[in-house]
There are 2 protein chains.
Amino acid sequence: MKTEKITVVKLGGNIINDENSLNNFLFSFSSLKGKKILVHGGGKIATEISLKLGIETQMLNGRRVTDERSIDVITMVYAGLLNKKIVVKLQQYGCDAIGLCGADGNLIPAQKRSVIPVDYGFVGDPVSENINVALLNSLLGNNFSPVIAPVTHESGTLLNTNADTIASVLACALAKENEVQLIYCFEKNGVLLDSDDDESLISSLSKDHLQQLINEGKIHSGMLPKINAALNAQKNGVQRVVIGNAKQLTALADGSPACTTLH
Amino acid sequence: MKTEKITVVKLGGNIINDENSLNNFLFSFSSLKGKKILVHGGGKIATEISLKLGIETQMLNGRRVTDERSIDVITMVYAGLLNKKIVVKLQQYGCDAIGLCGADGNLIPAQKRSVIPVDYGFVGDPVSENINVALLNSLLGNNFSPVIAPVTHESGTLLNTNADTIASVLACALAKENEVQLIYCFEKNGVLLDSDDDESLISSLSKDHLQQLINEGKIHSGMLPKINAALNAQKNGVQRVVIGNAKQLTALADGSPACTTLH
């Protein structure tokens, strides 16, 4: 039996970079009715701080390598600075936020990526079946709103983990016993055919439709991880999955403004 | 009626600076029986990172000023890096740790220090009567061990707060309904008359005795905040308060090795 309605919101990095946009978003989040969870990304501040600390970003095959010093910066910035700045603002706005990373209360056990064929370092993928849903339900039941930083863990090691994936995995785990909607928020109105043209919004997207768009070269590859995470949630019991503009969070939660709905 | 026995442990900064000492301590903490809370200090890494980021430490009347960039570093390092490194190690050792700062779940509401006569910046003192004891009891009741970073909040602002004070205030708040022991751990065996001589240990210390030692110039002034926080807890219902060596945590929790007991 689906007992509770829960809204899981993922906030993308670009909104976090701008204090005004972030605070407007957090004010909207705080006013959402019912049980809610916020998963946040990282933003560019980790890169800025890495640069200042003299840590060079290593890239392999176009992807970032998270070495030991980088996972320290990610932990500091994501699970420390950003997570607590979000929490303290939500508290000010009357939302009883509680900030966690995936190591806290063993919330998100993960598996470090294989070092073969390429060692990307301290990067991990959540082990879906081991998510600590009881902790989330307990916090939500006590009217707390968990705020989750994209850091997970395995065997005493902290791991950098994609925030879109975390939002999807948490929503799926909660959907086993609750009615869950998952809202991906970022600076665009949804999935666009032309990333510079809000009018090119794809209002409805299925797995087959996505494959067709990929084949036609019409999808920006940078959007694929988010779309796949969203589709995965939709396939695994999450009742409603949308990708939309952070400025329209309230409308995204209550109805369907201009946005992309996954089917 | 005192319902539960709870051990509150404060870990001092110097132990945190050394990975081996820290891990040995955390292994001991994880093996403590019963409900337990860990409050940790900061250590020197915040100063090191501030230096690398080009943030100069301002001092006024011998005390550090926490400006906006400094509270960011403190939040990153204390509530992010150190808190999560401690949590992930405790998880590895089988202790279900959950890391929080004082903003999370409104755990430790604080009051920013007056800017008169001297503005020390983003520094705050806990508002004892507003501690969210219900959150601590709920987490402890679910067999989590809260790990608390020394950052508190007021009106949307994060504040740097003395960890010895936080440990004392939390222990006092819990002592209203529980049997609480408070253990201050650092690199010495307790309060020493000569900080280089472990044989000069003061095994028992009362408020009157402390005043006498201060008058005689026999107490190192750097120890006074810790001693006063400890005495305050002892005067406010905490059943047992000791200051001792982090290497002897298990013995400190179970009995009375060489240490300072507050009376």
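**Entry 1**

I started with A:Pro117, which sits in the loop between strand E6 (110-112) and strand E7 (124-126) of chain A. This is a predicted model, so I take what follows as computed from it. The peptide bond joining A:Ile116 to A:Pro117 is cis, and I read an omega of about 5 degrees. I then went to the other chain, where B:Pro117 is in the loop between strand E6 (110-112) and strand E7 (124-126) of chain B. There the bond from B:Ile116 to B:Pro117 is cis as well, with omega near 5 degrees. I noted these because most peptide bonds are trans.

**Entry 1: a backbone angle**

Next I looked at A:Asn143, which is not a glycine and yet has a positive phi of about 65 degrees. I found A:Asn143 in the loop between H5 and strand E8 (145-148) of chain A. For context, most residues other than glycine have a negative phi.

**Entry 2: chain A as a whole**

I counted up the secondary structure of chain A and got nine helices and 14 strands. The radius of gyration of chain A is 18 Å, close to the 18 Å from the globule rule for 263 residues, so I call chain A as compact as a globular protein of that length. Along the principal axes, the C-alpha trace of chain A spans about 50 × 45 × 35 Å.

**Entry 3: how the copies are related**

**Entry 4: the size of the interface**

I then turned to the contacts, where 36 residues of chain A meet 36 residues of chain B. The area buried between chain A and chain B is about 2800 Å², and carbon and sulfur atoms give 69% of it. On the chain A side, I see A:Met76, A:Lys84 and A:Val88 losing the most area to chain B, together 20% of what that side buries.

**Entry 5: polar pairs and the elements behind them**

Across the interface of chain A and chain B I find 12 residue pairs in polar contact. Which elements give two or more residues to the side of chain A that touches chain B? I listed helix H3 (45-52), helix H4 (68-92), strand E5 (97-100), helix H5 (133-141) and strand E10 (157-160) of chain A. H4(A) supplies the largest share of that side, 13 residues. Sorting the residues of the chain A side by type, I got 16 nonpolar, 14 polar and six charged.

**Entry 6: salt bridges**

I kept the charged pairs for the end. Side chains of opposite charge can pair when their charged atoms come close. Over all chains the count comes to 12 salt bridges, and between chain A and chain B it is four. I opened the pair A:Asp104 and B:Lys84, whose side chains meet in a salt bridge at 2.8 Å, N to O. I also opened A:Lys85 and B:Asp72, whose side chains meet in a salt bridge at 3.5 Å, N to O. A:Lys85 lies in helix H4 of chain A and B:Asp72 in helix H4 (residues 68-92) of chain B, so I logged this pair as one that joins two chains.

Note on methods
Residues numbered from 1 in each chain as written. Chains lettered and ligands numbered in written order. Predicted model: local features only at pLDDT ≥ 70, side-chain atom pairs only at ≥ 80, totals over all residues. Heavy atoms only, no water. Contact = heavy atoms within 4.5 Å. Buried area = accessible area lost by both parts, 1.4 Å probe. Polar contact = N/O pair within 3.5 Å; in protein donor to acceptor, adjacent residues only side chain to side chain. Helix = DSSP H or I, 4+ residues; strand = E, 2+ residues; numbered from the N terminus. Nonpolar A, V, L, I, M, F, W, Y, C, P; charged D, E, K, R; others polar. Rg over C-alpha atoms; globule rule 2.2 N^0.38 Å.
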